[in-house]
Amino acid sequence: MKKYKIIPSLLLLSIALTSCGEQTYPTESYFLESLYQENFRVLQLTDIHLGATAYLDEQEAFLNKVIEAAKPNYIVITGDSFMDSTTREVDFLYSYFDSLDLPWSIVWGNHDKQGWYAPSYVINELANYKNVVFLNYKDDDVYGDSNYVVNLKDGDKTVWRLIMIDSNSYYSDGSLEYTYDVIHENQVEWYKRVASYNNGSAIPSIAFMHIPLPEYLLAIQGANDGLYEYSGEVNESTWPGYTNTGLFAAIKEIGSTKGVFCGHDHINNIAVDYKDVILSYGVKSTNLIYHDNSMIGGQVITLPSDGSFGLENIERIFVSYEK
């Protein structure tokens, strides 16, 4: 079970350095591109939690098995890739993903900047890799450090959008106790702009973040009560941020986002069809820190060209460390 944490000084510095920004950038400047293929397979990896004591050869062998089973066209890592790490673990993981010769993207969790490096290291180091699809404006007026969109293109047509959102790290009410932060109000306004841009209501999208939205609690309770269809399992509490800032309401208002994918709660992998939006956990992607050995691997999200989307588009891949 997760509990509120007293944050070490290095992580407090990380929180302080999170970009609040001063400049408004044009909506279109947040868009990147990648090539679409029919029945596009996005592999979601989450909560890798590489730390200074990790055996990197063992983790590489495990990730190789996940990649082989998933056969992805694209990889998205939804936060907490690192925890109490050194630059060795960061360089290893970035080099590993880049060596796959696949496009890959990353959003931040609440632990990624918690390491034996400057908090900006995990962001700035991405510039050295050729296959990563990532964007961060240090001086923009959108809170967080991983808010961007990847348009999956077939010629001139955008077939799907992958919307990356930084769910941030920790929040304090002024005491020594911290709880989980949220997607801030200006990020919700940013989401509205990018999701609706260029007739975006006709362009289907899925969103990736680390910390679950508060609606996950309602979705899971409704699934337990037989109100909503679901797949997967719930084996621990759901731990959203400290308040509801309205992202799900914005998703319903725009109407183009078909699914939301998070990590954070390691032994939950449920996906619920909640009010016609799939709210889904990923699959914890290593055996580092707390986990269930039968529930580690990755999750494949298939995106067909007709824009249809449901629970049937989600495939969980469970992989063992055993040879």
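Author: Begin with burial: a residue is buried under 20% relative accessible area, exposed over 50% and partly exposed in between, with a 1.4 Å probe and protein chains only. I165 has a relative accessible area of 1%, so I165 is buried. I165 is in the loop between β6 and β7 (170-172); helices (H or I, at least four residues) and strands (E, at least two) are DSSP runs, numbered from the N terminus.

Reader: Which residues is I165 in contact with, leaving aside its neighbours within four places in sequence?

Author: Contact means heavy atoms within 4.5 Å. On that count the partners of I165 include V107, I183, W190, F208 and L247.

Reader: What should I know about the source and its confidence?

Author: This is a predicted model, in which local features need pLDDT of at least 70 and side-chain atom pairs count only at pLDDT 80 or more, while totals for chains, interfaces and linings use all residues. Residues are numbered from 1 along each chain as its sequence is written, and side-chain values use heavy atoms, with hydrogens and water left out. pLDDT is the predictor's confidence in each residue, from 0 to 100. The protein chain averages 93, and 93% of the residues score at least 70. Over residues 1-21 pLDDT stays under 50. Where pLDDT is low, the predicted coordinates should not be read in detail.

Reader: How do I read the pairing of strand β6?

Author: Two strands pair if DSSP finds at least two bridges between them. β6 runs antiparallel to β5 (residues 148-154), with seven bridges, and D154 stands opposite K157. Two residues separate β5 and β6 in a hairpin, and G155 in the turn has a positive phi of about 65°. With β9 (residues 205-208), β6 pairs in the parallel sense over four bridges; there M164 has F208 as its bridge partner.

Reader: Why is β6 described as largely enclosed?

Author: Seven of the eight residues of β6 (residues 157-164) are buried, so the rest of the structure largely encloses this strand.

Reader: Which residues of helix α7 are buried?

Author: An α-helix has 3.6 residues a turn, so residues three or four places apart point the same way. In α7 (residues 247-254) the buried residues are L247, F248, A250, I251 and I254. They cover an arc of only 160° around the axis, which puts them on the same side of α7; the arc is that of the directions from the helix axis to the C-beta atoms. These buried residues pack against elements including α5 (185-196), α6 (215-224) and β11 (257-262). Just after α7, G255 has a positive phi of about 85°.

Reader: How are aromatic pairs read?

Author: A pair of aromatic rings is described by the distance of the centres and the angle of the planes. Rings of Phe, Tyr and Trp (its six-membered ring) pair if their centres lie within 6.5 Å; planes under 30 degrees apart count as stacked, over 60 as edge-to-face and the rest as tilted. The structure holds 24 aromatic pairs. In one of them, the rings of Y30 and W190 have centres 5.7 Å apart and planes at 75°, so the pair is edge-to-face. Y30 lies in the loop between α1 (9-17) and β1 (31-35) and W190 in helix α5, so the pair ties together parts 160 residues apart in sequence. Both Y30 and W190 are buried.
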